[in-house]
Amino acid sequence: MQEGIFAVLEQQPVYLHVYIAVFRWVAPILMFMLLCRCCKPLLTFRREPEIWAWLCLPDERKLPVTHWENVIGRSKRSDIVVDFPTVSKSHCVLTRYDDGSWTITDADSKDGVRVNGKKVKIRALKPEDVISIGGVEMTLQPISRKQEQRLAQIRSKASSVLSSFGNLMLLSVLQLLTCVAFLLRGQADTAMSILMGFGGIMIAQWLLLLFYVCIRRTSFEVETIAFMLTTLGMAMIATVKPAEAGKQLVAIGLGLAAFLFVGWALRDLERAKRMRLVAAVAGIAFLLVTLVFGKEYYGAKNWLVIGPLSLQPSELTKVCFVFVGASAMNRIMTKRNLFLFIAYSVMICGCLALMNDFGTALIFFCAFLVIAYLRSGNVGTLALAITALGFAGVVALKIAPHALRRFATWRHIWETPTTGGYQQTRALICMASGGLLGLGPGQGWMKHVFAADSDVAVATLGEEWGLLVLIMAILSIVALAAFCVRSAAVGRSSFYTIGACAAASILLVQVILNALGTVDVLPLTGVTFPFLSNGGSSMICAWGLLAFIKAADTRQNASFAVRLMKSGGDEEDE
Amino acid sequence: MNRIAGRAGITMLIAVVLLIGFAFFLGEYFMQADEWAVFPGSPHVYNGSNIGCGVTTDRDGVLLLDLSGDRTYSADALLRKATVHWVGDRRGSVSAPALSHYAAEFAGYNVLSGLYSYGGTGGTAKLTLSAKVQAAAQEAMKKYRGTVAVYNYKTGELLCAVTTPNYDPDNPPQIDESNPGEYEGLYVNRFTQSLYIPGSIFKIVTLAAALEKLPDAEQMSFRCEGSYTIGGDAITCESVHGKQSLKEAFCNSCNCAFAQLVEMLGKENLQRYVEQFGVIEQVRFDGITTAAGKFEGGTASNYHAAWSGIGQYTDQINPCGFLRFVGAVAAGGKGVDPYLVDSITVDGIKTYDAKTVKGDRILSESTAQILGSYMRNNVQTKYGDKNFPGLHVCAKTGTGEVGGGKKPNAMLAGFVEDEQYPYAFVVAVEDGGYGAKVCIPIISRVLAACKESV
């Protein structure tokens with residue numbers, strides 16, 4: 001039957017022409033609807049604090065404790081402000097644990113913390129314990145189970161299952177239409193891989209939603225955005241290397257596994273903290289193994305070839321790095337931990353320098369800056385600057401000759417359109433040729449250019465899907481980042497907030513280097529576009545990072561990586 | 001946590017860097033995308049060095065060349081030969097400057113759709129050429145090397161322009177020692193790029209100058225003894241023409257009479273008029289620039305100046321440049337530039353629509369009228385109206401002596417005096433022999449085809 005269909009199609013290219021003529025209008029509209037539907041809740045959700053306990057002051061005031069980690073101090077920027085001259089600006093940290101127990105940690109305050117009159121450095125709190133901070137006495141009153149249930153009912157729920165279902169339906173329509181556009185080309189030899197590629201994504205996304213419904217999680221915007229970009233990435237593969245659709249599908253599967261695993265690890269803060277050590281060792285190990293056994297492709301020794309598989313372990317190290325960088329508040333308040341992190345970063349950077357991987361080094365550097373800033377504020381500025389300088393120095397010394405070649409053509413690509421500037425001039429020519437609406441899936445020329453489905457994938461996307469879709473793809477990543485920043489205000493633990501912001505920053509930096517490099521605003525560095533670019537390691541990394549974003553989503557019933565507040569007397573799911 | 005939440009803004013800072021960077025790119029995009037899309041080597045527009053998209057048809061929609069994919073030419077071998085110098089060949093030996101010039105219009109770039117066109121075929125260019133006339137001209141010229149061209153002197157449309165030798169791009173010839181000369185200048189578009197010694201067709205120019213400059217020129221009479229001596233050197237005629245009026249001298253193409261005319265006119269004046277008439281000027285249309293002619297009579301000795309007024313000495317004309325001059329005479333002293341590409345349409349939207357480019361007045365209306373009547377007289381009394389059934393043709397033949405033991409160039413220039421068929425024409429045949437004998441049958445066939453095709 002399939003052969004029969006193709007026989008008809010081959011003689012009737014008019015079907016394809018009509019289809020493409022319609023598709024190039026429909027696709028951006030669908031994308032726009034999807035983007036709006038996904039971004040609106042992410043960017044406008046009401047930031048309702050979760051209340052975990054009350055701090056009772058002697059004057060009978062009750063201060064709500066709204067995070068798992070709360071800085072108590074005189075400063076207005078403290079989470080719990082106790083405006084008393086004897087209280088230090090950041091006096092101590094009140095920390096809640098997964099089991100509902102609380103600890104108080106002195107944050108190098110002048111006057112110290114006393115519990116039941118005894119000066120303590122760190123102390124688990126029992127009910128009725130009297131805490132004295134700078135002479136102000138108070139007691140901590142955790143909310144009861146009943147109150148927790150009431151609060152959970154009062155808090156507005158994250159997006160409904162219905163709207164998540166709607167989003168996924170829209171995405172499925174887009175996937176179907178794209179699939180048909182490729183099949184209409186009548187190339188029988190690629191039909192199976194294309195069907196498998198798009199069909200596989202569709203199955204994966206619906207299975208994930210089904211899983212969410214089972215565990216009473218309703219919010220699917222972040223995932224829909226990721227699946228949308230993954231779909232566009234599959235369209236790039238279908239046009240550039242259709243034979244690799246299956247391989248990419250496996251990568252997506254592994255990515256989802258990484259997403260669920262990292263999410264599970266993050267779900268329990270204590271578990272997450274314990275995993276940090278594992279992550280730290282794994283992160284370095286990935287790089288060391290690459291250094292020893294790695295192969296050099298295109299100037300960077302960042303490939304590990306195992307049988308038919310070629311991996312970029314440095315991609316996985318990104319996830320580990322975020323894990324290591326994220327830290328709970330009580331640890332943040334002591335400087336020693338920051339120095340450990342700096343030392344770890346220097347090790348990572350050293351490995352990357354030896355591997356000649358300029359693009360990845362840059363990503364780690366930006367991630368390092370973000371994490372260091374989030375953790376230290378001003379405290380570590382000096383150390384930060386020194387490390388940054390050292391980092392840049394090593395990069396410059398070690399990687400310069402390799403990087404310089406790219407800098408030579410930067411902003412001069414039109415002077416060497418057939419040699420040094422070939423990839424980027426083709427990219428701009430093809431993006432211009434695509435206009436706002438594109439030439440249609442599979443109808444472009446960019447596929448003949450090296451790395452058209454990875455390093456310069458945005459050009460292929462721009463050419464075949466149009467500039468509007470490309471802009472929307474970029475905005476979708478920006479929306480994820482904006483969501484992380486908004487969520488930070490109602491974050492439970494700094495571990496999650498730092499993790500989410502660092503993950504989002506890595507995604508952003510990758511988009512900056514990939515998209516702006518392709519269009520010659522920046523030098524081309526050969527970095528992948530998250531979810532979009534063909535590449536297994538990159539896909540796994542992107543999904544792994546997405547788990548951190550998901551773990552910071554404290555909206556009610558939103559995230560599988562966040563435990564529910566008790567709601568309506570149900571058993572808590574696990 | 002409040003502090004961390006505040007510091008989370010750093011992630012937004014990175015997002016802003018991305019947005020600013022991409023906005024910068026969008027700025028560049030909207031300023032330059034039209035240039036990027038048709039940048040030389042753009043795979044959507046070019047195929048190698050040749051333009052690689054779009055369809056080219058003749059004025060009636062007859063397919064000449066489909067550029068998309070593997071270049072599909074007309075199914076008619078005769079037509080393929082006749083138009084190869086306009087649409088180019090596969091190897092890039094013959095380029096198609098007029099088509100490349102409109103690469104952007106062919107590709108039909110616009111901000112919304114980029115280079116998208118339904119089915120990816122690109123635009124359709126309608127040339128002013130008529131396939132029928134081209135084919136007729138090809139038949140008429142097949143034995144010769146040279147060019148024949150016809151254009152509408154009111155609008156500028158080039159109805160026909162064939163240059164020979166040419167070849168079938170679908171069946172390119174083997175050029176080797178066995179056929180020397182047969183393919184001499186094969187890749188040259190003679191109409192726009194060749195220069196010819198004009199011979200007596202240049203007498204139209206000299207006559208025009210005399211009519212402009214000498215008020216009693218029409219009343220003058222000339223005596224031809226077969227030769228006329230200037231500064232000890234003789235200007236010769238092939239026969240003794242005796243006493244003749246100016247009109248008769250023009251009709252007889254009497255060298256002695258025209259030598260006297262140049263003397264009366266003054267060589268500097270003649271030089272000035274040649275330049276004013278634009279006879280040796282380059283013509284520019286559709287991205288094509290023709291070869292510049294040459295006239296040095298103004299600074300030559302009187303003897304040489306006289307020969308220059310007869311279309312010998314160092315005179316060189318380009319067929320297209322001369323055609324425009326004859327067209328201006330036909331149009332009453334104020335001509336139009338020729339053009340080849342009539343319009344380009346992409347998905348029903350015209351991306352290019354030719355406009356007639358009017359030239360300046362180069363000679364007075366009365367001079368043009370007298371010139372026309374003299375040229376008409378040539379046909380009536382010498383070349384024979386029977387060669388042009390139903391057409392009022394005005395013309396002048398020429399025989400350009402090239403020296404070196406070669407046969408002279410046979411030349412012809414003229415126009416049809418008819419509201420319905422406002423055509424000017426030029427014929428040049430290398431090694432052709434006598435202008436009248438060779439060129440009249442050629443233009444007779446071509447004009448008949450023109451008449452038929454309209």
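Predicted model: local features only at pLDDT ≥ 70, side-chain atom pairs only at ≥ 80, totals over all residues.
## Overall form of chain B

Chain B contains 15 helices and 21 strands. Its C-alpha trace spans about 115 × 45 × 45 Å along the principal axes. Of the 454 residues in chain B, 55% are buried. Among the contacts in chain B with a separation of 6 or more, 68% are accounted for by residues 24 or more positions apart.

## The contact between the chains

Contact between the two chains involves 39 residues of chain B and 51 residues of chain A. On the chain B side, the elements that give two or more residues are helix H1 (2–7) and helix H2 (9–37). H2(B) provides the largest share of this side, with 16 residues. By class, the chain B side comprises 24 nonpolar, 13 polar and two charged residues.

Within this region, H2(B) packs with helix H16 (residues 467–488) of chain A at an angle of about 160 degrees, and the axes are 9 Å apart. Because of this angle, H16(A) is roughly antiparallel to H2(B). The crossing of the two helices is left-handed. From H16(A), the contact draws on Ile474(A), Val478(A), Ala481(A), Ala482(A), Cys484(A) and Val485(A). From H2(B), the contact draws on Gly9(B), Thr11(B), Met12(B), Ala15(B), Leu18(B), Leu19(B) and Phe22(B). Eleven nonpolar and two polar residues make up this helix contact, with no charged residues.

## A six-stranded sheet in chain B

Chain B has an open sheet of six strands in the order S5-S4-S3-S6-S16-S17, and the pairing is mixed. Strand S5 (72–73) and strand S17 (349–353) of chain B each have a single partner strand, so they stand at the edges with one side lacking a neighbour in the sheet. Inside the order, strand S3 (residues 55–57) and strand S6 (residues 124–127) of chain B run parallel and are joined by three bridges. Opposite Val55(B) stands Thr124(B) in S6(B).

Helix H3 (residues 77–87) of chain B packs on this sheet, where it touches S3, strand S4 (63–66), S5 and S6 of chain B. The direction of H3(B) makes about 50 degrees with that of S4(B).

Helix H10 (residues 255–265) of chain B is largely enclosed by the rest of the structure, because nine of its eleven residues are buried. The buried residues are Asn255(B), Cys256(B), Ala257(B), Phe258(B), Ala259(B), Gln260(B), Leu261(B), Val262(B) and Leu265(B). Just after H10(B), Gly266(B) has a positive phi of about 90 degrees.

## A five-stranded sheet in chain A

Chain A has an open sheet of five strands in the order S4-S3-S5-S6-S9, with mixed pairing. Its edges are strand S4 (80–81) and strand S9 (122–125) of chain A; each has a single partner strand, so one side of each is without a neighbour in the sheet. Strand S3 (residues 69–73) of chain A pairs with S4(A) in the parallel sense over two bridges. The bridge partner of Ile72(A) in S4(A) is Ile80(A).

Strand S5 (residues 92–96) of chain A and S6(A) run antiparallel and are joined by five bridges. Val93(A) has Thr105(A) in S6(A) as its bridge partner. The hairpin of S5(A) and S6(A) has five residues between the strands, and in this hairpin Gly100(A) takes a positive phi near 95 degrees. S6(A) also pairs with S9(A) in the antiparallel sense, over four bridges, and Ile104(A) stands opposite Arg123(A) in S9(A). Four of the five residues of strand S6 (residues 102–106) of chain A are buried, so this strand is largely enclosed by the rest of the structure.

Definitions and conventions
Residues numbered from 1 in each chain as written. Chains lettered and ligands numbered in written order. Contact = placed C-beta atoms within 7 Å. Nonpolar A, V, L, I, M, F, W, Y, C, P; charged D, E, K, R; others polar. Axes fitted to C-alpha atoms, helices over the stretch in contact; angles between N-to-C directions. Parallel < 35°, antiparallel > 145°, perpendicular 65-115°, else oblique. Left-handed = near helix turned anticlockwise from the far one by under 90°. Pairing = 2+ DSSP bridges. Buried ≥ 20, exposed ≤ 12 C-beta atoms within 10 Å, placed from the backbone.
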